[in-house]
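Please read it alongside the sequence.

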Amino acid sequence: MTPTASQLLPVLAKRFNLLTQAIQKGSVRDVSSLSPSDTGAYVILNVINGKSYVGSSASSLAERIRWHKSMLKNDKHDNTHLQRAWNKYLSDGFTFLIVQ
């Protein structure tokens, strides 16, 4: 069963508010500032609908994010929901963020 807009709105608003609070606290940064040794959590955020994929890496975040981008660009990502959204909205519909 597909959720209605009125059912999705509170969920999306909560995710947006949590991400906004993290940004305001300075605990979210862009992936462009990654060093090869950085580890931690990351968010792949669909900026069109507010849905997100959250992951973490105990090794290199830069490598993990490169892997995600490569799999998505080549239509081979394991997460079918994320892959379908990527195919629909293309890379401009997504941003990759690091959560500290």
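Two strands are taken as paired if DSSP finds at least two bridges between them. Helices (H or I, at least four residues) and strands (E, at least two) are DSSP runs, numbered from the N terminus. The model is predicted, so to speak of local features requires pLDDT of at least 70, side-chain atom pairs count only at pLDDT 80 or more, and totals for chains, interfaces and linings use all residues. Residues are numbered from 1 along each chain as its sequence is written, and side-chain values use heavy atoms, with hydrogens and water left out.

- Four strands form an open sheet in the order 1-4-2-3, with antiparallel pairing.
- From one strand to the next, the twist averages 30 degrees (axes are lines fitted to C-alpha atoms, and angles run from 0 to 180 degrees between N-to-C directions).

- Strand 2 and strand 3 (residues 52-57) run antiparallel and are joined by six bridges.
- V43 is placed opposite V54 in strand 3, and L45 opposite S52 in strand 3.
- Five residues lie between the strands of this hairpin, in which G50 adopts a positive phi near 80 degrees.

**Nonpolar core**

- A nonpolar core is a set of buried (under 20% relative accessible area, 1.4 Å probe, protein chains only) Ala, Val, Leu, Ile, Met, Phe, Trp, Tyr and Cys residues joined through side-chain atoms within 4.5 Å.
- The largest such core has 14 residues, of which L34, I65, F96 and I98 touch the most other members.
- At least two residues of this core come from each of strand 2 (40-46), helix 2 (61-73), helix 3 (80-89) and strand 4 (94-99).
- Helix 2 provides the largest share, four residues.

**Largest pocket**

- A pocket is an open set of points on a 1 Å grid where a 1.4 Å probe fits, with protein on both sides within 12 Å along at least five of seven lines; lining residues have an atom within 4 Å of a point.
- The largest pocket holds about 380 Å³ of space, a volume being the space filled by probe spheres set on the points.
- Its lining comprises 14 residues, and N49, K51, H81, L82 and A85 are the closest to its centre.
- Helix 3 contributes the largest share of the lining, six residues.
- Strand 2, strand 3 and helix 3 each supply at least two lining residues.

Key:
Buried < 20%, exposed > 50% of the residue type's maximum accessible area, 1.4 Å probe, protein only.
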